[in-house]
Amino acid sequence: MAERDELEVASVGYRLTHWLNLILFLALLITGLVLLEIEVFAYIIYPLGAPIATLLGLDPGTGAVTAGVQIARMLHRLVGPLWGFIIVVYVAYLLVSGRLETLRVLRKPVGQQLREALAIISHYLLGRELPEDVRKGLDRHNVLAVYITLLLAIGVVLVGFSGLAIAYLDLTPSLHRLMLLLHDIGFYLTVIFLIGHIFATFHPSNVILIKAIFGDGRVPLSWAREHMNVYVERVLAKR
Amino acid sequence: MVKLKFPGRDEGVAVVVDLDKCIGCRACQIACQEWNGRKALNTTFSPTFTNPRDLHADAWKVVFFHEFPLSKTLKFAEAEAAINTVEVVPVPYNCLHCAEAPCARACPVGAIKVSPEGAVVIEPGECIGCGYCLDACPYNVPRRGSDGKYYKCTFCVDRIQSGLEPACVEVCPTNVFTFTSMREATRIAEDLRARGKKVYGLSLDGYVGGRVRWIFAASEDKASRAFPAMFPETPRNSNAIRESLEGIAIPGLSLASVFALAVLAVAWWRARRTTSKSEGAT
């Protein structure tokens, strides 16, 4: 396909950040789940702790869990700030370079936003076609994606500052408790985003985006006109 | 792999602490420190007799002295003498060993064990020093040691399982502590209550399992001075919200994931059917 028939939707920086997000968030998710609910998620950490317990001569059962969770906790404390740093740098870059596309959709009137959100929900859940005016008004990110991204933003801020406080500040027990609660709330919000994000990208109508984000970052222009018409017009006008 | 089982509500052991018998000699505090091999702490001046001033990784039992001014009138045959004095209420204090200990529920490695007798014990070899036990404890009992691990009263579970009483119980010269079965302790405490004493530990919040295994009783006067400072009427903290949230969020988000997968599966099935139909038409 000729280059002019394609549109770049994910730059190299975007894809690199997405890879880093994927790996670091996965590490935080696994290590965090273990700390959150060991009775349910002990099996995740056992394979990591078992060899270390053997090396240290600890009990292969309880020692493996202890060693595994201790490693999980250390990784969580190291990976968390790293992930936070990457996000801060990336968001700062987007803001400075004027490439923050996500919030653009929120300039639409609220009624229009809700109509778009409902149309997309019924498209995803019931397979209904999008109304023509909604389809033509779609930007780089649709309203629903932006809403759950806002949820993510709140979640990341909560887990970020509470996590740093827990790991690196000498908190009183009551403050420590509060920070753990906020950390949990932030985590749950992030997981809600994650479920929505994975659902949307694996939906048959969006699967081309997965190929783009893990490939060359480009999508067919015809597909882009169907899914992000306003964005396409904006990009083409700049060319 | 990590499973927690609490003894039943009336199972296991308990201690009734009759504060009216306590003379504040601190023999229990010393016996605890000695039996458990805890090192002596540097003493510091404090405005009260309480020393150390709070529980510590090396002081699992501390006698807290609650002081309050008291005016007394002494009556003689020909005169009355009013004197102002200070009344002292000593409260020997340690982990209360909640019936369903929140600290044990919160420990991410299962390092806090609950013995069949109901003793809630931190296994130092398994503790990773995260402090979640202190976060969960409504009485702020576990304390971080210099090795980064958390420590607290073990109910002398090693002694109990050898047929002995806890060290503090055994050494008390005035029989403040009655170590017995939970069922019998409940009966004794109810009896003390019937005789007009205030009792703490039997009807508590569900967060601690409704009761604790160290049940305190004191006369109205002493209880009104000491209980509010030591024993919260509703022993729960923000960790209870965390627990409730966890109980909703983990199954809720799991269900949401399954629902999302099911919708995705249907969407893919419809997409393939549409594709094969359109291919068939051409």
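Trainee: Which residues does R143(B) touch, not counting residues up to four places away in sequence?
Mentor: Keep in mind that this is a predicted model. R143(B) touches D54(B), L55(B), H56(B) and A57(B), and also K149(B), Y150(B) and Y151(B).

Trainee: Where is R143(B) placed?
Mentor: R143(B) is in strand β6 of chain B, which covers residues 143–144.

Trainee: Is R143(B) buried or exposed?
Mentor: R143(B) is buried, because its relative accessible area is 18% and the cut-off for buried is under 20%.

Trainee: What lies 3.0 Å from a polar atom of the side chain of R143(B)?
Mentor: That is the backbone oxygen of L55(B). L55(B) is also among the residues that R143(B) touches.

Trainee: Change of topic. How many residues are in contact between chain B and chain A?
Mentor: On the chain B side there are 39 residues, in contact with 37 residues of chain A. The two chains bury about 3300 Å² between them, and 67% of that is on carbon and sulfur atoms.

Trainee: What is the count of salt bridges between chain B and chain A?
Mentor: One salt bridge. The partners are D184(A) and R242(B), with their closest N and O atoms 2.6 Å apart.

Trainee: And how many residue pairs are in polar contact there?
Mentor: The count is 12 residue pairs between chain B and chain A, with both residues at pLDDT 80 or more.

Trainee: Which elements of chain B give two or more residues to the side that touches chain A?
Mentor: Those are α3 (132–136) and α8 (238–281) of chain B. The largest share comes from α8(B), with 19 residues.

Trainee: Back to salt bridges. What does E243(B) pair with?
Mentor: E243(B) forms a salt bridge with R105(B), and the closest N and O atoms are 2.8 Å apart. E243(B) lies in helix α8 of chain B and R105(B) in helix α2 (residues 102–106) of chain B, so the pair ties together parts that are 138 residues apart in sequence.

Trainee: How accessible are E243(B) and R105(B)?
Mentor: E243(B) is partly exposed, with a relative accessible area of 25%. R105(B) is partly exposed too, at 28%.

Trainee: Which residue forms a salt bridge with K198(B)?
Mentor: E220(B) does, with the closest N and O atoms 4.0 Å apart. This pair links distant parts of the chain: E220(B) is in helix α7 (residues 220–230) of chain B, and K198(B) is in strand β9 (residues 198–200) of chain B, 22 residues apart. E220(B) has a relative accessible area of 46% and is partly exposed, and K198(B) is partly exposed at 38%.

Trainee: Which residues do salt bridges that share partners join into one network?
Mentor: E132(A), R135(A), K136(A) and E226(A). Another salt bridge in chain A is R225(A) with E233(A), where the closest N and O atoms are 2.9 Å apart. R225(A) is partly exposed at 31% relative accessible area, and E233(A) is partly exposed at 40%.

Trainee: What does the count come to over all chains?
Mentor: It comes to 22 salt bridges.

Trainee: Now the surface. Which residues form a nonpolar patch?
Mentor: L118(A), I121(A), L125(A), L126(A) and F259(B) form one, with about 480 Å² of accessible area together. Helix α4 of chain A (residues 110–126) gives the most to the patch, with four residues.

Trainee: How accessible is L125(A)?
Mentor: L125(A), which lies in helix α4 of chain A, is partly exposed, with a relative accessible area of 41%.

Trainee: Last topic. How many helices and strands are in chain A?
Mentor: Chain A has 10 helices and two strands. Along the sequence the pattern is β-α-α-α-α-α-α-α-α-β-α-α. Its C-alpha trace spans about 65 × 40 × 40 Å along the principal axes.

Trainee: What share of chain A counts as buried?
Mentor: Of the 239 residues of chain A, 46% count as buried. Chain A exposes about 12500 Å², with carbon and sulfur atoms supplying 71% of it.

Conventions
Residues numbered from 1 in each chain as written. Chains lettered and ligands numbered in written order. Predicted model: local features only at pLDDT ≥ 70, side-chain atom pairs only at ≥ 80, totals over all residues. Heavy atoms only, no water. Patch = residues over 30% accessible without salt bridge, like charges linked within 9 Å, V, L, I, M, F, W, Y side chains within 5 Å. Areas by Shrake-Rupley, 256 points an atom, 1.4 Å probe, with all protein chains shown as cover. Salt bridge = Lys/Arg side-chain N within 4 Å of Asp/Glu carboxyl O. Buried < 20%, exposed > 50% of the residue type's maximum accessible area, 1.4 Å probe, protein only. Contact = heavy atoms within 4.5 Å. Buried area = accessible area lost by both parts, 1.4 Å probe. Polar contact = N/O pair within 3.5 Å; in protein donor to acceptor, adjacent residues only side chain to side chain.
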